[in-house]
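The entries follow in the order I made them.

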Amino acid sequence: MKRLFTMMSLLVLASMILTACGGGAAPTQAPAATEAPAATEMPATEAPAATEAPATGECTDELGCVTIAPDEPVHIAYWGVLSGADSSLGEDSKRGVEIAIDDKGGKILGHDILLTTEDAGCTPEGGATAAAKLATDTSLVGLIGSSCSDETVGGIATLTNAGLTTISPSNTRPALSDPNRGPDYAGYLRTAHSDAFQGKAVAEFAYNVLGARKAATLHDGSSYAQALQQVFADNFTALGGEIVAQEAVAKDATDMKPVLTTIAAAKPDFFYYPVFVAVGGYVTAQIRDVPGLETVPIAGSDGIFTADLLKGAGPNVKGMYLSSPDFSAFTGDYAGFIEKHKAKYGGSTLSTFHAHAYDAANILFAALEKVAVVGADGTVTVGRKALRDAIYATKDFKGITGNLSCSPSGDCGAPVIAIYQVENADPASWNPADAANPNPKKVYP
């Protein structure tokens with residue numbers, strides 16, 4: 001028994017020696033050997049280190065990052081009104097963005113620039129729908145838009161909360177950049193002026209130049225029109241004038257005779273309706289048929305600064321006043337922009353804010369170039385909060401519309417306003433940039 005125990009011990013010891021030397025281990029290690037490359041040699045085990053090692057890797061931005069692969073485009077979007085009666089406003093600004101892209105050679109950071117669009121319909125509901133679509137697109141780097149203040153009211157919370165930042169070329173409602181605006185507006189800036197300046201300019205023109213003392217206003221229910229007519233009213237009364245009527249109609253109204261009859265009864269000597277195109281056309285076409293309003297000076301603003309107004313208004317539009325950014329006060333190469341526009345689109349600009357859209361796009365591009373991290377393979381990583389902060393930090397940017405600096409509440413525009421007068425009711429004659437024969441023509445200041 002003792003001899004048997006001794007022999008068994010020797011066998012166990014021999015087995016242990018062979019195992020330590022690798023002999024006899026192959027049969028038990030074979031299955032692991034087939035998996036070993038995947039576990040120890042293939043890129044899968046190195047992927048975390050590869051993601052963390054480059055500067056473009058791990059995202060530490062509090063709003064997240066957009067990663068653009070070497071063969072992918074830098075994706076930006078324009079959102080605004082691109083259909084219906086007010087489409088010229090949105091299309092005009094979209095063209096400004098397209099020319100800005102052309103001037104970059106269609107590329108940035110070695111990548112093609114992809115521009116997509118969302119039609120927001122110039123309503124809060126349309127803005128909400130467009131924003132919901134944009135917010136789900138994780139490839140988006142930044143936005144230009146919206147066109148109408150109502151669109152921003154409806155959509156900005158969704159965009160801001162998705163980490164996106166948008167620069168509007170044409171929103172003018174004062175509250176959008178009020179210093180006391182809420183956190184939902186953190187992702188919003190604009191290159192357009194505030195109507196705090198536009199309404200004041202129209203009031204001064206009416207009171208000081210035309211000698212008006214009794215004014216009436218009309219709005220179409222949009223946040224833009226409501227706010228602008230009120231700014232005008234406040235400034236007109238501050239100058240010593242009287243507001244004798246403040247009326248409203250729906251944006252889809254067509255029969256303006258009842259509201260115009262009410263306004264006529266107040267006997268104004270100046271009538272201001274800063275509405276959008278459809279209402280503006282109907283009001284202008286019908287106003288001279290209402291007793292008491294046959295000769296009253298009439299005025300609108302940038303919402304109807306388009307040849308589309310002339311199409312709907314007919315002959316009554318001749319002599320009408322329209323406020324707008326002062327194109328002659330632009331300090332950049334606006335003439336050069338107009339030449340590019342003619343070459344690309346074959347006609348005059350459609351509305352007011354093409355240059356502001358061009359500047360908005362270039363502010364976005366400059367901020368993107370400042371904060372983007374480009375990897376050795378061409379991969380681009382953009383922190384959303386870093387991009388937003390860089391846009392807000394814009395200072396003395398040399399744009400077409402002026403030297404632009406962005407305030408902490410998102411105002412980046414140069415608020416220089418002029419009053420123009422329609423010289424010719426023919427829509428084909430619309431060309432405010434024509435130095436020799438402009439229509440409409442600047443009359444103030």
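I began with Tyr 272, which is buried at a relative accessible area of 0%; buried means under 20%, exposed over 50% and partly exposed in between, with a 1.4 Å probe and protein chains only. The model is predicted, so I kept to its limits: local features need pLDDT of at least 70, side-chain atom pairs count only at pLDDT 80 or more, and totals for chains, interfaces and linings use all residues. Residues are numbered from 1 along each chain as its sequence is written, and side-chain values use heavy atoms, with hydrogens and water left out.

**Aromatic pairs**

I searched the whole structure and found 18 aromatic pairs. Rings of Phe, Tyr and Trp (its six-membered ring) pair if their centres lie within 6.5 Å; planes under 30 degrees apart are stacked, over 60 edge-to-face, and the rest tilted. Phe 232 and Tyr 272 make a tilted pair, 4.8 Å centre to centre with 50° between the planes. I placed Phe 232 in helix H8 (residues 223-239) and Tyr 272 in strand S10 (residues 270-272), 40 residues apart. Helices (H or I, at least four residues) and strands (E, at least two) are DSSP runs, numbered from the N terminus. Phe 232 is also buried, at 0%.

I then looked up Phe 305 and Phe 327, a tilted pair with 5.9 Å between centres and 55° between planes. Phe 305 is in the loop between strand S11 (298-300) and helix H11 (307-313), while Phe 327 is in the loop between strand S12 (321-325) and H12. Phe 305 has a relative accessible area of 0% and is buried; Phe 327, at 8%, counts as buried. Both belong to one aromatic cluster, whose members include Phe 330, Tyr 334, Tyr 358 and Trp 430.

**Cores**

I noted that the largest nonpolar core has 77 residues, and that Leu 260, Phe 271, Met 320 and Leu 387 have the most contacts inside it. Such a core is a set of buried Ala, Val, Leu, Ile, Met, Phe, Trp, Tyr and Cys residues joined through side-chain atoms within 4.5 Å. Helix H13 (residues 354-371) gives the most to this core, eleven residues. A second, separate core has 24 residues, among them Leu 89 and Phe 353.

**Helix crossing**

I checked H4 (residues 87-103) against H12 (residues 334-345): their axes come within 11 Å and cross at roughly 100°. Axes are lines fitted to C-alpha atoms, for helices over the stretch in contact, and angles run from 0 to 180 degrees between N-to-C directions. H4 is therefore roughly perpendicular to H12; that class covers 65 to 115 degrees, with under 35 roughly parallel, over 145 roughly antiparallel and the rest oblique.

**Backbone**

Most residues other than glycine have a negative phi, and most peptide bonds are trans. I listed the bond from Gly 145 to Ser 146 as cis, with omega near 5°. Tyr 444 and Pro 445 are also joined by a cis peptide bond, with omega about -5°. Lys 267, not a glycine, has a positive phi of about 55° and is exposed at 67% relative accessibility. Asp 396 has a positive phi of about 50° and is partly exposed, at 48%.
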